Amino acid sequence: MLFNSIDFAIFFPIVFVLYWILAKNLTYRNILILASSYLFYGWWDWRFLFLIIISSFIDFYVGKKLFKEENKKKRKRFLSLSLLVNLGFLIYFKYTNFFIETFVDSFKLFGKDLEISTLNIILPVGISFYTFQTLSYTIDIYRKQLEPTKDMLSFFAFVAFFPQLVAGPIERASHLLPQFYKTYKFNYDQVKSGLLLMAFGLFKKMVIADRLAILVNQVYNNPTDYFGVEIIIATIFFAFQIYCDFSGYSDIAIGLARTMGFDLMKNFDSPYLSKSITEFWRRWHISLSTWFRDYVYIPLGGSRNGKYKMYFNLFAVFLVSGLWHGAAMTFIIWGAIHGFIIVIEKAFAKQRKSLYNKLKINQGHLAHKMIFIPMIFTIVCFAWIFFRANSFNDAIVLIRNIGVNNIENLNNGYIYELGLVKYEFIISLIAIGLLVAFEWYHKRNNVEEILNQKPISLRWGAYLGISMVIFLFGIYGPGEASEFIYFQF
Amino acid sequence: MKKLIFKFIAFCVLFLISIIVLFYSVNNNISNNVNFKINQETVNVIFGHSHPETAFNDSLISKTENFAKSGESYYYMYPKVLRIIKQNKNVKNVFIEFTNNLVDESMNNWIWGDEYITSRYLTYSPFISVGDQLILLRKNPKTYLEYFTSSLKTNFNRVVEKDYVFSRFEKFGGYNSLKESKLDSLIKANQNNPIKKLENHKISNVNIEYLEKIISLCKENNKKVYLIRSPQHSLSPELNNEDFFKEIILNRFKDVDFLDFNNFPLSSIEYRDFGHINHKGAKVFSLWFDSIIKEGILNNRNKNQIINEKILNFDKKNRDELSKLFDKKTKENKLELFNHIIEKGYSLNTKHNFSTELRAEQMFFYTDDKKRYFLIEYNGDHIHDFLKDKTFGIHAYAYSNDKNKLPSWIRNRSENRITWNAEMDIISNNNRNYIILNFQKISEINNFKQIRIFLMNKEKYQGTIGNAFEKEAPLFLKVNGLNSYEKNNNNEEEDELTKIFISAPKTKIDHNFSEELKVSNIIFYSNKVSKFIALEYQEPYPVDFMKDKIFGIHGLAHKRDLNNLPDWVKEKQDNKLSWGSTPLRIKIDDKNYLILTLKKHCDIDEWKQIRVFLMDKEVYKGTIGEALNINNISFK
C-alpha cells in the first residue's frame, strides 16, 4: 500500500480510530498493529509475508537462545543462523541475478560466452529495511547490549510495524521495541504534530518528487539525446527528487507513528546544507549510516587499527552501502565515490584544520558556507549521476555529454521540451525554492512551534493552504502516482 | 480524542467547502470560455453514438455537421447539445440517434461504468452540472472521486494556463470514416455460434431521462428535434429488443418525429459490422439523406411514410444517380477545397524534389475543422503511374508545451510525434497539376515544431522513398469555432505580438502596388527580435500574381543613427538598409493583412524613410509596379 494512495487514505483513519479505542489494552492494541501491518504489506503481495514471518520467528527464537547460551561457539552458531536466514533471503532475492550477470560478464572478458540466463525473481518490497532492523536485534543480544523480549507479539509487531516497514527509518530494537511494551494516552498535540509532519511528507513526495521525476526520467532514460545544461538540470532535479521522495516517506512514517504515540528516529537533517561529505552522511539516511557504523564499520575495526586500516574500513563500508542500495555496478561506483571523498576528507582533516586556523577561517561563517555548501552539493550531484543512470554505459554517456556547451538552451525555451512544460517547470522551481527556504528557516526556528502560537485563523489557513497545494499541485490520480524510489532497495 | 474528531470534521468540512467553491469557479470559467461556435452556415446538427458517427458523412450533406461520438450516452451528450445550440443561433434542426441499444439497461454502464467515467468524465466535467454529477457519485463513488480530483486538477491548470482549446476530433465527435468490412465473417461466425436472444429487456431510465431533457432543451430554444435511427444490418443482435424499443417510442416519444433509416438497403460490403456502416455505405446513405433533406422531407407531415416508401423503392437506378451525384460533388468539393487552400493556405514558397519523378513547385498547408491538407503543385509526367503503389507519410512533431493537446495515446510517449498516412487526390486546374494530401486532424495544434512529409510504399512502410520534405515550424491556417485558436494564449510570443500589432498606430495610405494588389492601411510595429510591417489589403488576394514575387523594403536611417547601423550593413557610410520579405497572410477582426517581417536584426526604431515595393522572388530585377514611400517612421 502506498502512502499516497486512496487505499491508504481509507486504511489509515480506520486503523487510527481502532488503535485509540484499543489503546488501553496492550495485547489487543499490538494484535491490531500486527494485523494492520500484515494487511498493509500484503496489499502489495501477500505471498512475501511469509519472509517477514520466518525472519521474525527465527530472530525471536535466536534471541532467546543467545541470551541463555554461554558457550561462545554455540552463541556464534545461533548468530550465524540468524545471519544466514536474513542475509540469505536478501542475497537470494536481491543479488542472485547481479551475481549471475557479473559472473557471465567476467567470462566475456576472457572471450568466453557463458549461456546462463538470469532468474525471474521479484524483489520483495522493503526486504533491505526489515532485514537490517531484525538483524540489529540478534546482533545486539549477541553483543550483550540488549535483553531479548519475552513478548512474541510485541517482537512481531516491532519487525512489521507498518509506518516504517517498507522504507525505514531502520530502527534499533533498543529504541523501538520497548515502545511496544507500554500503552499510550491520547495526546492531541502529538497527534496534530504527527499529522502535520505527514502532510509535509506528502507535499515533498507528491508536489516535488513526482513532478521532478517527469523531467529526470525523460533525460536519464534517453541519455544520448541530451547534453550540457539539460543533464545538469536533470541531475539537480534528481538530487531534489530523491531527497523529497525518501525524506518525504520518512516524514510520513515518523508522523504516522507519532499519531499512534510512537517515536521513530530522525532520518534526514537538511543534507544538502552540508559542508563536507562526512557531514552529508551524518544528515542523509541517518538510520542506515548509523547501522553501517555500528554493525559493519566498528566490527571491521573502525579507527582502532591505524589510519590506513580506517581508510580501508570506511571505503569498504561505502562500497557495501552502494551495494545495499541496488544490485548494479552503478550503485557500487556511487558508494565508491562517497567512500573515496570521505577517505580524502579524513586523510587531510588535520591539514584543513590548521589551514583554517592560520587563515582564521570561521567554519560557521556565511562565506564559508557559501563556498562549501554548493561545492559539496556539486559532488553529491555528480555521484547521483551513477545512482540514477540506468546502466554504467548510460552514466558514462551522460558524463561525456555534460561537457557540451549548450547554455543557450536556457534562453530559447528548449528546457521546456524535457517533459515539464513551462508552467510545470516554474511550479517545480517555486516548490524547490520554498522547500530550501523552509528547511533553512526551520533549522533556526521551529516552524511548528511558531505556528502553534499564531491565532486559529492563521493556523487553519496554513493547514488548509498546504492541503490545497497538495490537492491541486500534487501528482496523483490513476496512472500518475509513482512508488517511492527507496521501495526498490 | 473528542477534540481531535471535532476539529478533524470541522477541517474536512472547510476543505470540502473550498473544493466545492474551486470546483464551481473553475468549471464556470472553462464553461464560459470554451468556444462551441460552429460553421455559421450549418443548419442541421447530428448527435449520437458510433452508429451515426460512421453513417453520416457530413462533407456530403449540405449545411450539416455531425457531432456523434462513439460510446456516447445521452447523459454526456446533454452538456454538448446545450452549448452547441445555445452558441449557434443558425442551427435549426437537431438530429439525435435513437436506436435499439440506446434504450437498453447496459447504457447505465455507458454513464457510470469505470471505462466511461475514465474517458468521458475528464472531457465533459467542466460542462456537467453539479446535480448531474451527483448521479455519478451515487452510482460509482470510487471511480468518480478518483476522476473528480484528477479532472479538477487538470481543469484548474487549464484556467491558470488559460488553455480553453478542446480538440473536437478527440473529444466532441465528428464523422468517422471506417475503411474495412468484416460483415461476412461476422455473419459466418453468427451462424456457427448464434447469439442468444434475450427475453426480458430492461430500460436504462437515466439515459432515457437525459434524452427527454435534450428534447425539452431543444424545444425551449426553438430547435426542431428529430430522433433518427441509422442503418443497421437485419442480423444485428441489437435488434432483438425491437418490440421493446418500439414500445418505448410509443410510450415516451410519440410527440417527437422519429426518422427510421434502419432498413436502408445496403450491401454487406457497405457495412463494417452489424451496427456500423463503412465509408462506402456512408457515401450512399449520406447522399441519399442529403437528397431527402433537400426535397423538404422535414416539412412534410408524413415523414416516416415517405421515408419508408423511398427506402422500399431505392434501387440500382437511385444508386447510380447517387454515384453520379457523388462524383459531381466530389469534384466540386475538391475544387472548392483547392481554391480554399490556394486562397487561405500557408504558402511555403519553396521547391522540393520528392524524387526524380516528382518535383514540387509550390506547397501549401491548410486546415479546416476536421482535416489537415498539404497541397503540392508538381511538375512531372506519368505521376499516376509513379504514385499508384505509393502514399505519403507525415510526421508532425509537437512542441512539448502542446503535449496536453495531443491525443492521449500519443501523450504518454516520450516523443511528441503524430504520424499519418495521407489520403491523396490528384487534380488539374488551369493546366497546372496538383496533389492534395489530406489527413485527420487528431489534435488542435496548428503550430508544430517540425513537419516531415515523405513518399513511402502504400502497403507497408519500408523506409522513405526519395527525399523527405522537412519544414521547421510550419503554420497551419487558423480556423474559428470549436477549433478556435483565437483565445489560445499558450503561444505567448505570438499573443504578445498580436497585442503589439493591435495597439500599433495605423496609417491610411490607399496605395496600389499593382493593378492586382491594393492596400489601404499600413502599420509599423516591432518586438524584441524583429520589426514588422503590416499592409491591410483588399480581397481577393492575387495568388497567381504574387506567386513569384516578394516584398523589398528599403529603410533610410537618420544621420544621427549612422553609428548604430547593424554589423550586416556592408557600407557603413551608406544609411540605406535593405530587407526582403515573403508576406504572411493573416486575418484579424475581419480585416486582411500581409505581414512583412524584417528578419535581419537592426536596433534602429526611427527611420527617415521606408520604401516598400514588389520584386521578383528569385532575383532583384527592379521594382514591379508602384513602390510605397513613407517618411518619418517609428517602429516603437
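How many helices and strands does the secondary structure of chain B come to? The count is 19 helices and 24 strands. Keep in mind, as you look around, that this is a predicted model.

**Chain B as a whole**
- Chain B has 636 residues, and 53% of them are buried.
- Take the contacts in chain B between residues at least 6 apart in sequence: 71% of these join residues at least 24 apart.

**Where chain A meets chain B**
- On one side 30 residues of chain A take part, and they are in contact with 27 residues of chain B.
- Together the two chains bury about 2,900 Å² between them, and carbon and sulfur atoms account for 70% of that area.
- Two residue pairs are in polar contact across this interface, both at pLDDT 80 or more, while the number of salt bridges between chain A and chain B is zero.
- Four helices of chain A each give two or more residues to the side that touches chain B: H1 (6-22), H8 (188-220), H17 (422-444) and H19 (456-473).
- Of these, H19(A) gives the most, with eight residues.
- Sorted by class, this side of chain A has 22 nonpolar residues, along with four polar and four charged ones.

**A buried asparagine in chain B**
- You can find B:Asn88 in the loop between helix H3 (74-87) and strand E3 (93-97) of chain B.
- B:Asn88 counts as buried because its relative accessibility is 0%, and the cut-off for buried is under 20%.
- A polar atom of the B:Asn88 side chain lies 2.8 Å from the backbone nitrogen of B:Ile38.
- Beyond its neighbours within four places in sequence, B:Asn88 is in contact with B:Phe36, B:Lys37, B:Ile38, B:Gln40 and B:Lys223.

**Two residues with positive phi**
- Most residues other than glycine have a negative phi.
- A:Lys144 is not a glycine, yet its phi is positive, at about 60°.
- Look for A:Lys144 in the loop between helix H5 (127-142) and helix H6 (152-160) of chain A.
- With a relative accessible area of 56%, A:Lys144 is exposed, because exposed means over 50%.
- B:Asn222 also is a residue other than glycine with a positive phi, near 55°.
- The loop that holds B:Asn222 runs between helix H11 (205-220) and strand E4 (224-229) of chain B.
- B:Asn222 counts as exposed, at 70% relative accessibility.

Note on methods. Residues are numbered from 1 along each chain as its sequence is written. Chains are lettered from A and ligands numbered from 1 in the order in which they are written. Side-chain values use heavy atoms; hydrogens and water are left out. Contact means heavy atoms within 4.5 Å. Buried area is the accessible area (1.4 Å probe) that two parts lose on being put together, summed over both. A salt bridge is a side-chain nitrogen of Lys or Arg within 4 Å of a carboxyl oxygen of Asp or Glu. A polar contact is a pair of N or O atoms within 3.5 Å; within protein, one must be able to donate a hydrogen and the other to accept it, and residues adjacent in sequence count only if both atoms are side-chain atoms. Ala, Val, Leu, Ile, Met, Phe, Trp, Tyr, Cys and Pro count as nonpolar, Asp, Glu, Lys and Arg as charged, and the others, Gly among them, as polar. Buried means under 20% relative accessible area, exposed over 50%, partly exposed in between (1.4 Å probe, protein chains only).
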